[in-house]
Amino acid sequence: MHNQDQALIFESSTPDRIGYSLPEMDVQELDLHSLLPEGYLREEEANLPEVSELDIMRHYTALSKRNHGLDSGFYPLGSCTMKYNPKINENVARFNGFAHLHPLQDESSVQGALELLYDLQQHLIEITGMDEVTLQPAAGAHGEWTGLMLIRAFHEANGDLNRTKVIVPDSAHGTNPASATIAGFDTITVKSTDQGLVDLEDLRRVVGEDTAALMLTNPNTLGLFEEHILEIAEIVHDAGGKIYYDGANLNAVLSKARPGDMGFDVVHLNLHKTFTGPHGGGGPGSGPVGVKADLIPFLPKPIISKRGDEFVLDYDRPQSIGRVKPFYGNFGINVRAYTYIRSMGPDGLKAVTEYAVLNANYMMRRLAEHYDLPFDKHCKHEFVLSGKRQKKLGVRTLDIAKRLLDFGYHPPTIYFPLNVEECIMIEPTETESKETLDSFVDIMIQIAKEAEENPEVVQEAPHTTVVGRLDETTAARKPILKYQKA
Amino acid sequence: MKHRYLPMTEQDKKAMLETIGVSSIDELFSDIPEKVRFKGDYNIKAAKSETALMKELFILADRNADLKRNVSFLGAGVYDHYMPVIVDHVISRSEFYTAYTPYQPEISQGELQAIFEFQTMICELTGMDVANSSMYDGGTALAEAAMLSAGHTKRKTILVSSAVHPEYRDVLKTYAKGQYLEVVEVPVKDGITDVEVLKGLVNEDVAAVIVQYPNFFGRIEPLREVEEIIHANKGMFVVSSNPLSLGLLTPPGKFGADIVIGDAQPFGIATAFGGPHCGYFAVTNKLMRKVPGRLVGQTVDDQGRRGFVLTLQAREQHIRREKATSNICSNQALNALAASVAMTALGKKGVREMAAANLQKAHYAKIAFKEAGFEVVYDGHSFNEFVVKLNKPVKEVNQKLLQKGIIGGYDLGRDYTELSNHMLIAVTEQRTKEEIDTLVKELGDLHA
């Protein structure tokens with residue numbers, strides 16, 4: 001152990017110390033051997049830590065200090081929509097009547113929860129321009145897979161059994177092709193033009209009788225709006241396919257353009273992005289799916305419906321693809337998203353997109369002199385730069401990202417999308433002030449200068465973090481995936 | 001438009017538009033074709049102030065019968081357990097809950113180390129070599145275990161015990177369709193998987209057998225016998241397990257399980273109307289490079305300082321794209337943190353003590369029901385749940401119990417036609433002797 005290492009909780013463990021307070025044992029205790037089949041009473045105890053309550057709080061407080069969250073500083077991570085996570089959401093999700101409900105209670109005893117979910121569905125229907133919404137998927141990728149399974153069920157119900165291919169642009173999120181595979185489809189890639197948009201000629205070439213769907217993000221991962229969206233929809237629809245909207249970038253078009261009006265048949269949303277469910281260090285998220293009328297019969301069951309004044313879980317859906325998750329989705333995240341939508345209202349949501357787009361364009365313009373800008377046109381909520389110029393000086397995009405850590409920033413998304421060399425993808429969001437954007441841009445400009453004048457300081461960054469660059473090669477070659485007593 | 005989440009001022013806006021070289025924000029949207037432009041405002045509810053919205057939603061929440069005000073005997077995969085109060089204090093630290101996935105390890109050591117500790121504790125409880133950083137929930141973890149098994153064995157049939165959670169089986173069937181797998185259910189005899197029938201079903205196309213331990217009826221499955229049957233046919237042995245029970249039960253790893261999955265909800269995670277909870281996924285070393293989801297590994301920096309990174313990422317969707325064997329990206333990191341805090345608070349002694357309290361109190365309740373003249377169906381060794389036969393529909397009984405502040409057990413007739421009027425009763429360490437006695441009395445009165 002290095003003297004600067006943060007102890008693992010197992011290294012702080014001392015036999016016979018406890019950190020719990022269990023309810024009183026008020027029934028007669030019998031011999032455990034008599035209550036279990038022979039050989040099924042655990043002999044060796046699970047080696048969990050033995051620490052006091054204060055030790056635990058100190059441990060996790062120390063860990064939290066070694067972690068950068070959105071509340072710690074600017075987090076312009078492209079395609080992730082790292083906007084402010086409102087605190088009222090956290091309070092509401094913790095109300096006893098939401099946090100401490102059992103999913104299998106009688107419907108009559110959870111009417112408040114069902115009403116909230118039903119109303120959230122109605123709000124999301126209006127926001128997306130779709131006809132119905134399911135809240136069951138747990139995250140974006142889960143929503144993608146659910147949406148593709150719906151499309152598969154639709155084609156199969158029409159006896160259209162040869163639609164085995166899903167088309168994705170070369171700029172698509174990695175989850176798109178992976179979700180297609182898990183839903184039983186083959187993936188075909190459609191190229192982007194040098195303008196960064198879907199190549200219509202290439203699309204015409206790849207669509208056909210085997211096309212099940214095209215998956216698209218609009219604006220795309222380059223932050224550009226697919227201007228030919230209606231033509232794209234027509235090409236795919238004429239071939240008998242469906243088009244799927246990856247809602248990861250919805251923050252760019254709230255109140256400006258709805259997926260349903262653009263011709264999309266299925267859409268998933270990331271409530272943990274646009275609608276402020278916190279990212280939680282990697283989850284939980286929530287990935288509702290909206291569909292047009294012809295896909296409603298296939299939605300996962302149950303759907304939350306209203307019958308008279310009563311809210312019900314509707315299981316009577318014979319063509320449903322079935323369940324995609326136990327119970328009704330990540331309810332706690334849905335409560336947060338609902339609280340956010342109700343805090344913003346129609347005017348607020350419109351302003352969200354306007355300011356998100358204004359912020360992105362402002363940063364892009366200020367940085368355009370100092371970094372290569374592969375697509376020089378108005379962006380939407382995010383934009384991409386290329387570190388090509390800096391690469392010639394021996395400074396890679398990875399180095400620039402690491403150097404940003406020294407100034408207290410979380411770096412942008414890097415090396416994605418794959419069709420831009422040394423890609424730097426920046427998404428500021430609407431909740432950041434001009435001062436924050438300016439400070440970040442100033443540092444990016446400073447780093448561009450350092451790349452010219454003092455490249456080592458960038459190449460060897462970070463200099464101020466609790467650990468330096470870590471040896472990822474050894475981590476993968478000789479994996480240590482759990483604590484091993486020295 | 002002024003809003004507390006939107007810092008933009010008119011002055012800022014003017015300066016920024018000038019830098020961009022446009023005269024209005026609208027110009028920035030000129031690339032959206034007229035035909036798809038949304039005009040006007042969403043037809044949704046108007047914004048409310050913080051105070052008014054809190055009040056409205058508090059009243060809405062208050063219309064639900066929650067587990068704090070009522071006494072719950074409802075389990076069926078989701079349980080009312082002791083939640084150490086420190087759990088919420090830790091997961092409320094915004095350094096954790098407002099962070100993204102730890103892709104920048106230098107500023108994410110806290111999250112990465114917490115996950116590494118989570119992985120370690122799951123391995124300890126399950127008796128397995130490797131655990132990932134979490135899955136959405138137990139149900140999708142089970143489906144992913146089936147897909148891993150099919151991919152690894154190159155076989156297409158999944159045998160799943162009918163005593164596995166019905167909703168988990170439903171999720172499995174949906175995933176199986178995507179992967180062109182066949183799911184065959186193994187019947188139950190006397191409340192446990194029928195091992196004789198299982199023997200007849202296992203063949204060279206069977207990728208895996210999945211059983212639940214303790215099973216949906218609370219019974220302890222004969223893991224030793226099941227393991228012999230499936231491994232003799234070179235299929236995978238998958239066990240879905242309530243991790244709390246493993247504080248007391250011999251872990252599936254000791255019985256030769258290849259994959260152990262489940263939900264860590266019993267450890268400090270609110271029932272939350274069914275989610276978010278926290279799936280876990282544990283395997284033997286030989287499957288390490290096939291695990292779905294994120295894994296955290298230990299390494300060092302250039303000065304020899306210990307650090308943690310996301311590792312073996314070549315398995316994952318963002319690298320493998322269409323060749324990926326799972327599409328999971330977001331997981332349940334914050335709930336894995338909650339579970340870690342609870343497992344840490346319980347520790348070596350507490351996890352066993354809590355599991356034992358579940359067993360003892362449930363056993364006491366089972367005896368009390370028998371003494372009151374009820375038939376306990378599928379009677380035998382069990383953990384914290386058991387089945388009682390009623391003479392009325394469970395739904396009707398539960399509505400009456402609720403008037404007395406009791407949330408009754410699960411209506412097994414929903415999933416098992418032969419078990420209509422049968423209630424699955426869960427008794428956790430939270431229930432007092434008095435509460436148990438009251439339930440027995442109230443049910444007795446309704447039974448008469």
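Two strands are said to pair if DSSP finds at least two bridges between them. Helices (H or I, at least four residues) and strands (E, at least two) are themselves DSSP runs, numbered from the N terminus. The structure is a predicted model, in which local features need pLDDT of at least 70 and side-chain atom pairs count only at pLDDT 80 or more, while totals for chains, interfaces and linings use all residues. Residues are numbered from 1 along each chain as its sequence is written, and chains are lettered from A, with ligands numbered from 1, in the order in which they are written.

The terms above apply directly to a sheet in chain B. Seven strands form an open sheet with mixed pairing, in the order β2-β10-β9-β8-β7-β3-β4 (chain B). Because β2 (130-131) and β4 (182-186) of chain B stand at the edges with a single partner strand each, one side of each is left without a neighbour in the sheet. Within this order, strand β3 (residues 157-161) of chain B runs parallel to strand β7 (residues 206-213) of chain B, and four bridges join the two. B:I158 has B:A208 of β7(B) opposite it.

Chain B as a whole has 13 helices and 17 strands. Its C-alpha atoms fill a box of roughly 80 × 55 × 50 Å along the principal axes. Of its 448 residues, 61% count as buried, a residue being buried if 20 or more other C-beta atoms, placed from the backbone, lie within 10 Å of its own. Two residues are in contact if their C-beta atoms, placed from the backbone, lie within 7 Å. Of the contacts in chain B with a separation of 6 or more, 72% are between residues 24 or more positions apart.

Chain B is divided into domain 1 (71-82 + 348-447) and domain 2 (86-342), with bounds that come from an automatic or database domain assignment. The C-alpha centres of domain 1 of chain B and domain 2 of chain B are 27 Å apart. Where they touch, 22 residues of domain 1 of chain B are in contact with 18 residues of domain 2 of chain B. On the domain 1 side, α11(B) gives the most, with six residues.

Chain A has 15 helices and twelve strands. The radius of gyration of chain A, taken over C-alpha atoms, is 25 Å, close to the 23 Å that the globule rule (2.2 Å times the number of residues to the power 0.38) gives for 486 residues, so chain A is as compact as a globular protein of that length. The C-alpha trace of chain A spans about 75 × 65 × 45 Å along its principal axes, and 59% of the 486 residues count as buried.

Terms used. A residue is buried if 20 or more other C-beta atoms lie within 10 Å of its own, exposed if 12 or fewer, and partly exposed in between; C-beta atoms are placed from the backbone.
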